Amino acid sequence: MSLITNQEIDIVKVPATKIHSIDFENLSFGNVFTDHMLVCDFINGAWQKPHIGPYEPFLLDPSAKVFHYGQAIFEGMKAYKDTNDEVWLFRPDQNFERFNKSAVRMAMPEVPEEIFMNGLKQLVNLDRDWVKKGKGNTLYIRPFMIATGTGVIAAPSNDYRFMIILSPAKSYYSGEVKVVIAEHFSRAANGGIGAAKAAGNYSAQFYPTKLANEKGFQQIIWTDDATHTKLEESGTMNVFFRINDTLYTAPTSERILDGVTRKSLIAIAERDGIKVDVRSVLVSEIVEAAKNGTLKEIFGAGTAAVVNPIVGFSFQEVYYELPKIENSIALQLKEKLTNIQYKIAEDNFNWTVKV
């Protein structure tokens, strides 16, 4: 068990905020950051005193193990502001638990709850003016940890740095999204790190996604590594398929991320009488459903986009356009979930946490 030398957080505020120079109506996702960041180092087997200071670059030794062996994990969360100027987090306990599951899988130290949660709340509260009111306005929260220990021997680091940075955000995706079903490349494999939010999972997607982009598709629906017959995730999101009036989505596994948005949408759907079937979804049945007209919707689910409707997919060089429907379950679920996040609707699940 790692020791915490001091649970208090030192705070150094910026001399002047940069918020007035930001165009909040024209934000590019993940490119603008708030005034402050949280930093906490793990050294000599113990977590040091966390501190919050100005958002700024920092130095690392060229032999830091994050550069050579990829020990890096992260989370994605959001803060929301209601009409009363109160700031809320959405299910932060789930992100905290998943962060430490990723840490264990990557042979990194678990971050104590006091550091993660207390640091998160104090940082968001300090930069709460960056959380703008109005649906669609959010503060994206990026907790992450990297290996800072030095040396190029292939072994886990002894030292680590945990950080949280904040970025005001609007919609992650814009425009119509078309996808291609993977026939060769895989996002993750059995026994691998697909269920961890490890940096390498995402960099490995860039090349096949680039190939898809060159053919006019925005994302890939990944298939299982062994047979490429089972549909698993879409880009960086969990994925749902609507056949007639039933939603289908793959179960979480060591290949599929346990998405917070995914489990929240399932809970809302089940509450409202929408049938959800969590099981392996075959490429062949989705292609057949597209051909016979029973495939009504495909949508991705994740923190950044919340719900991202997909207008069509390609498989084996054949493109299948999805019908345009008025009673979109995807959009209904998005509306219900975001209403809870923005405190427009009652939170019967007790998911929201006040900062």
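**Note on the predicted model: cores, ring pairs and local backbone features**

1. In this predicted model, the largest nonpolar core holds 50 residues, of which Phe116, Leu120, Ile141, Met145 and Phe162 touch the most other members. A nonpolar core is a set of buried Ala, Val, Leu, Ile, Met, Phe, Trp, Tyr and Cys residues joined through side-chain atoms within 4.5 Å. Buried means under 20% relative accessible area, exposed over 50%, and partly exposed in between (1.4 Å probe, protein chains only). Two or more residues of this core come from each of strand E3 (36-43), strand E6 (72-74), strand E7 (77-81), strand E8 (87-90), helix H2 (92-105), helix H3 (113-126), strand E9 (138-147) and strand E10 (160-169). Helices (H or I, at least four residues) and strands (E, at least two) are DSSP runs, numbered from the N terminus. A second, separate core has 22 residues, including Ile266, Val276, Val306 and Ile329.

2. Residues are numbered from 1 along each chain as its sequence is written. Local features need pLDDT of at least 70 and side-chain atom pairs count only at pLDDT 80 or more, while totals for chains, interfaces and linings use all residues; side-chain values use heavy atoms, with hydrogens and water left out.

3. The protein has a mean pLDDT of 94, with 97% of its residues at 70 or more; pLDDT is the predictor's confidence in each residue, from 0 to 100. Over residues 1-6 the pLDDT is below 50, and this stretch has 15 contacts in the model beyond near neighbours in sequence. Contact means heavy atoms within 4.5 Å.

4. Which residues surround Ile141, leaving aside its neighbours within four places in sequence? Its contacts are Glu75, Gly76, Met77, Lys78, Ala79, Leu89, Leu120, Val124, Ile164, Ile165 and Leu166.

5. There are 17 aromatic pairs. Rings of Phe, Tyr and Trp (its six-membered ring) pair if their centres lie within 6.5 Å; planes under 30 degrees apart count as stacked, over 60 as edge-to-face and the rest as tilted. Phe90 and Trp351 form an edge-to-face pair, because their ring centres are 5.5 Å apart and their planes stand at 80°. Phe90 belongs to strand E8 and Trp351 to the loop between helix H7 (329-341) and strand E22 (352-354), so the pair ties together parts 261 residues apart in sequence. Phe90 is buried, with a relative accessible area of 7%, and Trp351 is buried with a value of 7%. Elsewhere, ring pairs link Phe96, Phe99, Phe116 and Phe162 into a cluster.

6. Helix H5 (residues 260-271) has 12 residues, which should span 16 Å; its end C-alpha atoms are 17 Å apart, in agreement. The expected span is 1.5 Å times one less than the number of residues. Val260, Thr261, Arg262, Ser264, Leu265, Ile266, Ile268 and Ala269 are buried in H5. Just after H5, Gly273 takes a positive phi of about 80°.

7. Val306 has a positive phi near 65°; Val306 lies in strand E19 (residues 306-310) and is buried, with a relative accessible area of 8%. Glu317 has a positive phi near 70°; Glu317 is in the loop between strand E20 (312-315) and strand E21 (318-321) and is exposed, with a relative accessible area of 68%.
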